[in-house]
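Welcome to this short tour. Open your viewer, switch to the cartoon display, and follow along one selection at a time.

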Amino acid sequence: MGAKYRSVFDIIGPVMIGPSSSHTAGAVKIGRAAYKIFNARITKVTVHYYESFAKTHRGHGTDYAIAAGILGFLPDDQRVPDAVEIAEERGIDIRFVEEDGPSPIHHPNTAVLEVSNNQKSISLTACSIGGGAIEIRQMIVDQIKVRPAGPLPIIVYIDYGKKHPNAVELTNYIDQVAPFSRKQSLKGDVDDIYEFDIKNYMTDEVIDDIHSKFKHVICL
């Protein structure tokens with residue numbers, strides 16, 4: 001099936017609010033990834049579109065799809081088409097920018113999201129590869145640049161204050177319940193980030209168990 005797809009359902013396509021699996025469902029997942037990584041109240045989002053996304057985002061529903069993900073909605077949520085208005089009602093300043101240049105990650109369906117409030121900010125660079133599947137190519141969290149392999153699932157652990165309370169235990173546990181193909185340990189001035197590229201999709205039970213055992217773990 002290849003490294004980009006973990007399941008036949010990635011090719012068939014997801015249950016979703018349309019019109020497009022790549023420009024709508026995939027865009028919801030990009031926004032939702034930023035929502036999970038930020039993990040706080042969002043007040044401002046700037047979305048930079050490249051290539052195909054820049055040309056077709058309005059007609060294909062990419063704007064409301066990104067907004068839906070930022071709100072934490074799933075691709076089949078009936079509120080997806082109204083997400084831009086809902087975001088604005090919730091006090092989120094959301095803007096969409098059509099970039100003229102080529103994608104910084106060499107994919108036509110590229111979005112770079114800058115997400116912030118008055119205390120922190122993150123950046124997420126991702127692309128929609130078809131069938132509702134996405135790849136996360138880069139994230140910047142606490143000024144630490146993280147470059148995953150791309151395809152989901154991905155696990156991110158933020159060690160606030162460099163205390164390393166769970167790093168070894170978490171690594172061993174993930175290797176048992178959700179084997180990974182690669183692990184990165186990235187050092188920042190204040191915090192450290194551990195990133196795991198998981199080989200196969202995780203069940204909801206595994207994800208819930210990871211969250212119950214370890215704080216500051218993000219399962220994408």
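A strand here is a run of at least two residues that DSSP assigns as E, and strands are numbered from the N terminus. Keep in mind that you are looking at a predicted model.

Select aspartate 159, which has its place in strand β7. Is aspartate 159 buried or exposed? Its relative accessible area is 1%, so aspartate 159 counts as buried, the cut-off being under 20%. Now show its contacts: aspartate 159 touches His164, Pro165, Asp191, Asp192 and Tyr194, leaving aside residues up to four places away in sequence.

**Stop two: a neighbouring strand.** Select residues 154–159 for β7 and 192–198 for β9; these strands run antiparallel and are joined by six bridges.

**Stop three: the whole sheet.** Which order do the four strands take? Colour them as β8-β9-β7-β10, an open sheet with antiparallel pairing. At the edges, β8 (180–187) and β10 (217–219) each pair on one side only. On average, neighbouring strands of this sheet are turned by 15° against each other, ignoring direction.

**Stop four: the helices.** Select residues 167–177 to find helix α6, lying across β7, β8, β9 and β10 and running at about 5° to β9. Finish with residues 204–213, helix α7, which packs on the sheet and touches β7 and β10. The direction of α7 makes about 165° with that of β10.

Notes: Residues numbered from 1 in each chain as written. Predicted model: local features only at pLDDT ≥ 70, side-chain atom pairs only at ≥ 80, totals over all residues. Heavy atoms only, no water. Pairing = 2+ DSSP bridges. Axes fitted to C-alpha atoms, helices over the stretch in contact; angles between N-to-C directions. Contact = heavy atoms within 4.5 Å. Buried < 20%, exposed > 50% of the residue type's maximum accessible area, 1.4 Å probe, protein only.
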